[in-house]
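Okay, thanks for coming, everyone. I've got one structure to walk through today, so let me put it up.

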Amino acid sequence: MNKTIRRASVFALLLVLALLVRATWVQFYDGQALADNKDNRRNVIETYSQPLGNIIVAGESITGSARTSGSSDLKYKRTYTDGKLYAAVTGYASQSYAPTQLEGIYQDLLNGTDNRLKTVMNTVTGERAEPGNVITTIDPGVQKAAYRALGGKKGAAVAIDPETGKILAVVSTPSYDPSSLTDANTAGAAWKKLTADSDKPLTNRALRQPLPPGSTFKLVVAAAALEDGLYANVDTKTDSPDPYTLPGTTTPLKNENTSAPCANASIRTALRYSCNNVFGKMAVDLGQDKVRAMAEKFGFDDDKLDVPVRAYASVYPSNMDKAQTGLSGIGQFDVTATPLQMAMVSAAIANGGKLVSPHMVSQITNSGGDVLKDYDDEASSKQIVSSSTAEQLQSAMQTVVKDGTGTNALIDGVTVGGKTGTAQHGENNSKTPYAWFTSYGKSDSTGKEVAVAVLVEQSDAARSEVSGNGLAAPVAKAMMEAALK
């Protein structure tokens, strides 16, 4: 054979071998990566080739699927019932954008690609399985009560069953309609409008926007003081001068009610009148490490809190000086919390000091209703404070509602304990304060319980009228009534 022809043949053979090796590599090694690539439109076409599974509230689907119109290669799109009401729970499943909240967490279950859904026939044929469903713990009555009570206010609310950890409501306002983002033909304009809105309707304020909790954090400080033995009980007089000057400064820690009996007040009285001098000095006396340890028991500084949506961490800061520690004792300086976190504080206190892991999904099932995972059975619990401390704090919180700053949360036939908070906002409190209320309610007739937390970030109320009792407590009351009816 001619040397030139032989060399060309060898070269051609090497090219064929290289092509075979590359094809094999792509087929068996890169194939899955290419299939999973977010820019691979075949995935979207496959996802929306049939109806998705559903998210269920109290036995009713709050999601659905509808046939698309026109010449789209996507046969179905997601639909929502009462989309604005449940947006903080469901999130959205969009033909154009990555899914969020429960839609994102359970994307594989809802589109039928979760391996747990496969039958023997699916394995043999390679066909996608029938999609599964997500059964939530949400109580529609409590959800609606919170949404209606918040109304046009910018804020959030969470309700928890203290005994089981079931999340009964997750509301964030202003809300949005997830249906506006489902169709590829209209999603772009809707997305642009929503992301340009200064009120940030896409933000889940209930789970993912920690803000200064103000005086609601005094419950954590009180728990630390009782557990540490700094004070024997909630009726022991404290060592708390009024005014109290923050250590190392000439700045007095003022009280909102200048006529309140806050000098050396007991924990009960200090919670009743929300005495800053008492809890500022209490935090300094305990030291930041002890306060932080108690805060972390309640869930602060946990950056892996999944309910199952990942909640942003509530924060108790480190490396503070004594003055900063004093401010942290009243829920200021760099302390932040979500409504979920403050609901967890009240839930633990209401449940004898035991915190059951909060969760808003009860079960996930296949299309036939067979349970794939039961979150209610898997809920864990831990003792945060002793039952004695919990009982004392319950009693003191009841005083707040009966005779103190939380009277707007009173409910006939229900034992209610609560704590108000009005957190400073902006440099030198230049912006409208945040109004907080966290509480628990127990039916006198049935013994049924609920714990709630409400944040009003912005409202139409005059600055002088912004308070936890005035703005947030009525929302909490509506939620507790709905939960305990």
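I'll go through strands, then salt bridges, then the surface. Keep in mind that this is a predicted model.

So, strands. There's an open sheet of five, in the order S2-S1-S5-S13-S14, and the pairing is mixed. At the edges sit strand S2, residues 60-61, and strand S14, residues 371-374, each pairing on one side only. If you look at S13, residues 361-365, that strand pairs with S14 in the antiparallel sense over three bridges. One to click on there: Thr365 has Val371 in S14 as its bridge partner.

Next pair: S3, residues 63-67, and S4 run antiparallel, joined by five bridges. Arg67 stands opposite Tyr76 of S4. Now, as a reminder, side chains in a regular strand alternate between the two faces of the sheet. Strand S4, residues 76-80, has Tyr76, Arg78 and Tyr80 on a covered face, with Lys77 and Thr79 on the uncovered one.

One more strand residue: Tyr434, in S17, residues 431-443. Is Tyr434 buried or exposed? With a relative accessible area of 6%, Tyr434 is buried.

On to salt bridges. How many does a search of the whole structure find? The search turns up 14. Take Asp114 and Arg116, whose side chains meet at 2.8 Å, N to O. Asp114 counts as buried, at 12% relative accessibility, while Arg116 is partly exposed at 44%.

Then there's Lys166 with Asp376, at 3.7 Å, N to O. That one links distant parts of the chain, 210 residues apart: Lys166 is in the loop between S6 and S7, and Asp376 is in helix H16. Lys166 is partly exposed, at 28%, and Asp376 is partly exposed too, at 25%.

Glu457 and Arg205 also form a salt bridge, at 2.8 Å, N to O. Here Glu457 sits in strand S18 and Arg205 in helix H9, 252 residues apart. Both Glu457 and Arg205 are buried. And salt bridges with shared partners tie Asp239, Lys281 and Asp285 into one network.

Last stop, the surface. Lys144, Arg148, Lys448 and Lys485 make up a positive patch. Lys485 comes in the segment after helix H18 and is exposed, with a relative accessible area of 81%. There's also a nonpolar patch, with about 540 Å² of accessible area together, formed by Val10, Leu13, Leu14, Val16, Leu17 and Leu20. Leu13 is in helix H1, residues 3-36.

That's my tour, so over to you.

Key. Residues are numbered from 1 along each chain as its sequence is written. This is a predicted model: local features need pLDDT of at least 70, side-chain atom pairs count only at pLDDT 80 or more; totals for chains, interfaces and linings use all residues. Side-chain values use heavy atoms; hydrogens and water are left out. Patches are made of residues with over 30% relative accessible area and no salt bridge: like charges are joined within 9 Å, nonpolar side chains (Val, Leu, Ile, Met, Phe, Trp, Tyr) within 5 Å. Accessible areas come from the Shrake-Rupley method with a 1.4 Å probe; for residues, only the protein chains shown count as cover. A salt bridge is a side-chain nitrogen of Lys or Arg within 4 Å of a carboxyl oxygen of Asp or Glu. Lys and Arg count as positive and Asp and Glu as negative; His and the chain ends are not counted. The place of a charge is taken as NZ of Lys, CZ of Arg, CG of Asp or CD of Glu. Helices (H or I, at least four residues) and strands (E, at least two) are DSSP runs, numbered from the N terminus. Buried means under 20% relative accessible area, exposed over 50%, partly exposed in between (1.4 Å probe, protein chains only). Two strands pair if DSSP finds at least two bridges between them.
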